[in-house]
Amino acid sequence: MTPERRFRLNACARAIAACSLALALAACGSSDDDDDAPAPAPEVPAEPSPPEPERTPDSLKLSLLGRFETGQFDVSAAEIPAFDPATRRAFVVNALAGAVDVLDLSDPAKPVRVGGLDASAIAAGAEVNSIAVQDGLIALAIQAANKTDNGYVGLYRADTLEPIAHVGVGALPDNLVFTPDGKTVLVANEGEPSDDYQIDPEGSISIIDVSDPARPTVRTAGFSAWNGQEQALRDKGVRLFGPNAAGTGLASAAQDLEPEYIAVSPDGATAWVTLQENNALAKLDIASATVTDILPLGYKDHGQPGNGIDASDDPAELDIRPRPGVYGMYMPDAIAAYTAGGKTYLATANEGDARAWGEDDPAYWAGDRSKGFVEEFRVKHLVHNSGFARRRGDDLAPQLDMLATRAILNPEVFGYCGANTVANGGTTTSGACRDDAELGRLQVTWTLGYRTNADGSPVYFNASGAEDPAGSILMYDRLYAFGARSFSIWDEDGKLVWDSGDQFERYLASDECRVGPQRDIACKTYFNSGHNEGNAFDSRSDAKGPEPEGIELGRIGEKTFAFIGLERMGGIMVYDVTDPQAPVFVDYYNSRVDWSTRDTASVAATAGDLGPEGLKFVPASQSPNGQALLIVGNEVSGTTAIYNVEQLFAQAAH
C-alpha cells in the first residue's frame with residue numbers, strides 16, 4: 001500500500017471515529033433527568049428544491065457573440081448548423097467540401113474548428129446536404145455523386161465522430177429531423193430532375209428507426225398513390241407542371257412533387273413536409289409511413305392593403321404598394337412546428353423557388369425543349385405587344401414558344417396600369433403595365449395565370465382581346481410571383497392563420513431599421529440588396545425581395561419566438577409567435593459589415609455575415625455559457641455566426 005493511500009485511509013478512520021464519539025456523547029445527554037427521554041428522531045434529508053422555472057422575457061435582442069470563418073466566399077461553405085450540448089460542439093454543413101465542419105463552442109465567443117465529417121467512406125463522390133443531432137447521435141443526409149441516384153443517411157457519434165451505420169434512402173436527401181423522442185429520423189428526398197430534365201426521380205420521405213443506431217431500419221413514404229390524380233390535385237391548387245423526360249407531356253405526380261423541409265408534431269405522430277415548387281405541404285403519418293394528404297397553400301393577394309411589394313429594381317427607389325392582379329406563391333422552404341392552446345401550428349419561411357433547368361444550355365434556348373425547363377419570365381417580355389418571337393435564343397422557354405405566340409393582360413384586372421383594348425386600332429395592349437417602373441421588371445411564372453378550359457388547356461384569344469379558338473394569344477387574368485416575402489402561421493390542415501404581409505419590406509425601408517453589428521447603418525440605404533454584391537440598393541425587388549428562407553423556433557419561459565433568416569438582404573427577423581393569431585415583431589439584426597464595396601468578394605475577409613441559410617436555437621439550459629444562443633450558417637460569406645439572444649425584462653413597478 002502506498003503511503004498516500006495509507007494516509008487517506010487513516011484520515012477516513014479518524015473522521016469516522018470522531019463522528020462516532022460525537023454521536024455517543026449526544027446520546028448520553030448532560031443530565032440524569034434525561035435518562036428516560038426518547039432518543040431524537042433521525043433527521044430526514046430535505047427534498048431537493050425543484051428547478052426555478054425559466055423567466056419569460058418581455059422581449060429579445062440579438063447581438064454578435066462569435067464567428068467562425070472558412071475563408072471561402074459565395075461557394076456555400078457554411079449552410080446548415082446543428083448543436084450537441086454534451087460535447088458543446090456545433091456541426092455545420094460545408095457544401096463546398098461536401099462535408100461537415102465540427103466547431104468547439106466551449107467558448108461561443110471564439111468558435112474553433114476541431115474536426116470534420118465526410119461521407120467518402122459511404123460512397124465515392126458522395127456529398128453531405130444536411131445534418132441533425134440529438135442525444136449524442138448525428139444524422140447526415142448524403143447525396144450520391146449523381147444527384148438523381150438514391151442517396152444515404154449516415155449515423156455518427158457526436159463525441160468521437162465515429163461512424164455507426166448508414167442506410168439507403170431516396171434521391172437527393174436534403175433536410176432531415178429527429179422525432180422528439182430521438183428514436184426516428186425523417187429525411188426529405190427531394191428527387192430533383194437532372195439539369196436537362198431527362199431523368200426525374202420520384203420525391204419521397206424516408207422514415208428511419210434509429211432506436212438501435214447500429215441497426216437502423218428504413219421505410220419510405222412515396223407519392224405513387226397520387227399518380228393518376230394529377231388534375232384533381234391541380235384543381236385543388238397544387239402546382240403540378242413539370243415536363244416528362246421526352247418533353248412532350250407532363251411528369252407524374254410522384255415525379256413532380258419535391259419534398260424540401262420537414263416539421264414534426266410535438267407528440268411525434270405527424271410530420272408536415274414542404275413541397276416548395278408545388279406550393280403545397282405533404283402531411284405524413286409517421287407510424288404507418290404514409291402520406292395522408294397533400295395540402296395546397298393558396299396564393300397571397302398582393303393587391304390587398306398590407307400585402308404590397310416593391311416590384312421593380314429599375315428605377316432604384318422605394319416603392320412598396322399593392323399591385324392588383326399580382327399574387328405571390330408562398331412556396332415555403334423551411335418549416336417548423338409548435339403548440340399553442342393545445343393545437344399544433346406550422347411556421348413557414350416563404351422563400352419561393354422557380355424551376356430553372358437547362359438554363360445554361362444554349363441548345364435549350366435555341367428551341368430544344370427536351371434539354372430543360374425554365375418557368376421564370378419577366379412581365380415586360382411575357383406581355384410585350386410584339387409577341388414572344390423577339391426573345392427566341394435569349395430567355396424564351398421553348399415550351400412557352402410552343403404554347404402561344406403572345407400574351408396579353410386582362411384589362412378588367414390590369415386596367416389600373418394601362419392594359420386596354422382601345423389603343424392601337426382596337427388591338428389589346430399591355431399599356432404602361434409592362435413599364436419597368438410598374439410590373440415590367442417583375443419575375444413571374446409563365447405556367448400559371450392564363451385563362452384555361454376545364455381540362456387545363458389554354459383558352460385562346462385574338463388580337464382584339466376576344467376569345468377565339470383559332471387565336472394564338474394567351475390572356476393572363478393573374479400574374480404569379482415567386483415567394484411571398486413573408487413568414488406565415490398555418491394550422492395542421494394547411495389553412496392560413498396569419499401572414500406577415502409586407503412587414504418585412506416596410507421595416508427594411510423604415511427609418512427605424514439599422515444594420516451592421518453595431519446597428520449603425522441605415523437599412524433603407526441598402527434596401528433589398530443582394531447577398532453577394534455591394535452598393536446594391538433595390539437590386540432584389542424584381543425577384544423575391546429580402547427572400548426569407550430559414551426559420552427556427554425557440555421557447556423561452558412561456559413564450560415561443562420565431563427567428564427568420566433573410567437570404568438576400570441578410571439578417572434575422574425575430575417575432576413572438578406565442579399567439580399564432582397575432583405574432584408580434586420583436587427584433588431585426590444583421591451582422592453584415594461592408595455594404596458599400598461593389599465587389600464584395602474583394603473584401604470577403606471583412607464583409608461580415610452574408611446569406612443566412614440555416615439556423616439553430618440553443619436554449620440557455622443547453623448553452624455552453626448559460627445564455628440562449630442562435631447559430632446561423634451563412635452560405636455566401638462562408639461564416640458561422642454565433643448570436644447572443646439577450647432577454648429583456650420590463651422594469652419592476654415601484
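Leaving aside its neighbours within four places in sequence, which residues is N644 in contact with?

## Residue N644

N644 is in contact with K61, L62, S63, L65, Q627, A628 and L629, leaving aside its neighbours within four places in sequence. Contact means heavy atoms within 4.5 Å. N644 lies in strand β41, residues 639–648. N644 counts as buried because its relative accessibility is 17%. Buried means under 20% relative accessible area, exposed over 50%, and partly exposed in between (1.4 Å probe, protein chains only).

## Basis of the model

The model is predicted: local features need pLDDT of at least 70, side-chain atom pairs count only at pLDDT 80 or more, and totals for chains, interfaces and linings use all residues. Residues are numbered from 1 along each chain as its sequence is written, and side-chain values use heavy atoms, with hydrogens and water left out.

## Overall build

The protein has ten helices and 41 strands. These are DSSP runs, numbered from the N terminus: helices are H or I with at least four residues, strands are E with at least two. The C-alpha trace spans about 125 × 60 × 50 Å along its principal axes.

Of the 654 residues, 54% are buried. Among contacts between residues at least 6 apart in sequence, 56% join residues at least 24 apart.

## Residue E376

E376 is found in strand β26, which covers residues 376–378. Why does E376 count as partly exposed? The reason is its relative accessibility of 30%.
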